[in-house]
Amino acid sequence: MSVAEKGPQRTCVACRLTKNKKELVRYVLAPDKSVLVDYRQHLPGRGGYTCFSVTCIQDAVKRNGFQRCFKTQNLSVDAEQLLGQLTTAVDQKVVSLLGMARKSGQLISGSNAIIEALRKTTTIALVVLAADISAAIGRKIELLAERSDIYCVRLYGKQQLGQMLGKEERSVIAVQAGKLADSLLNELHRHRQLVREN
Ligand SMILES: [Zn+2]
């Protein structure tokens with residue numbers, strides 16, 4: 001937290017809390033007056049911000065937070081649509097981080113390779129199990145990860161995990177500890193938050 005507290009601060013248009021800009025979601029107003037999620041915080045123009053929270057996004061829409069922040073009355077904004085954009089952006093970021101992990105040799109995929117790695121002293125930082133992995137293998141990997149205090153999450157389906165890596169189905173993947181794994185953990189937490197709160 002302390003590192004993240006440095007840097008530019010912005011205020012959530014819903015709950016009015018001020019946080020590091022990187023912890024917030026940025027929005028811009030498109031020329032057609034629709035509100036767009038600017039997940040990478042790169043788009044030009046005035047930005048509006050909310051917490052990374054389903055509640056704050058819904059409240060911002062309900063209470064005309066975007067109208068106030070963009071000083072525009074007739075804008076088009078819908079909470080479900082923003083949440084959809086946000087989920088897509090998070091998943092795209094996950095895909096790109098997984099791709100980088102794969103290219104730099106920090107990604108392990110396949111249940112046998114991962115079980116073997118988890119049985120040894122390992123530098124694995126996180127494990128993603130497909131939601132539709134076979135129950136017995138999923139449980140086995142979960143227990144091994146738990147024993148070594150490794151973050152293990154069930155997310156996406158086998159097909160989606162495979163697609164993210166440009167391959168066929170993948171029931172489980174693991175990433176070695178490092179900066180990429182840290183970034184991935186952040187995005188995976190965000191994905192879960194969106195899914196859970198919804
Ligand atoms: Zn907020």
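## Helix pair

The crossing of helices α5 and α6 is left-handed. This comes from a predicted model. The two helices pack with their axes 9 Å apart, at an angle of about 25°. Angles under 35 degrees count as roughly parallel, so α5 is roughly parallel to α6.

On the α5 side, S111, I114, I115, L118 and R119 make the contact. Helix α6 contributes I137, K140, I141, L144 and A145. Sorted by type, the residues of this contact are seven nonpolar, one polar and two charged.

## The sheet

Four strands form an open sheet with mixed pairing. Their order is β6-β9-β7-β8. Strands β6 (107-109) and β8 (151-154) stand at the edges. Each has a single partner strand, so one side of each lacks a neighbour in the sheet. From one strand to the next, the twist averages 15°.

Strand β7 covers residues 124-129. β7 pairs with β8 in the parallel sense, over four bridges. Across from L126 stands Y151 of β8.

## Helices on the sheet

Helix α6 spans residues 135-147 and packs on the sheet. α6 touches β7, β8 and β9. The direction of α6 makes about 160° with that of β7.

Helix α5, residues 111-119, lies across β6, β7 and β9 (172-176). α5 runs at about 45° to β9.

Methods. Residues numbered from 1 in each chain as written. Predicted model: local features only at pLDDT ≥ 70, side-chain atom pairs only at ≥ 80, totals over all residues. Pairing = 2+ DSSP bridges. Axes fitted to C-alpha atoms, helices over the stretch in contact; angles between N-to-C directions. Contact = placed C-beta atoms within 7 Å. Parallel < 35°, antiparallel > 145°, perpendicular 65-115°, else oblique. Left-handed = near helix turned anticlockwise from the far one by under 90°. Nonpolar A, V, L, I, M, F, W, Y, C, P; charged D, E, K, R; others polar.
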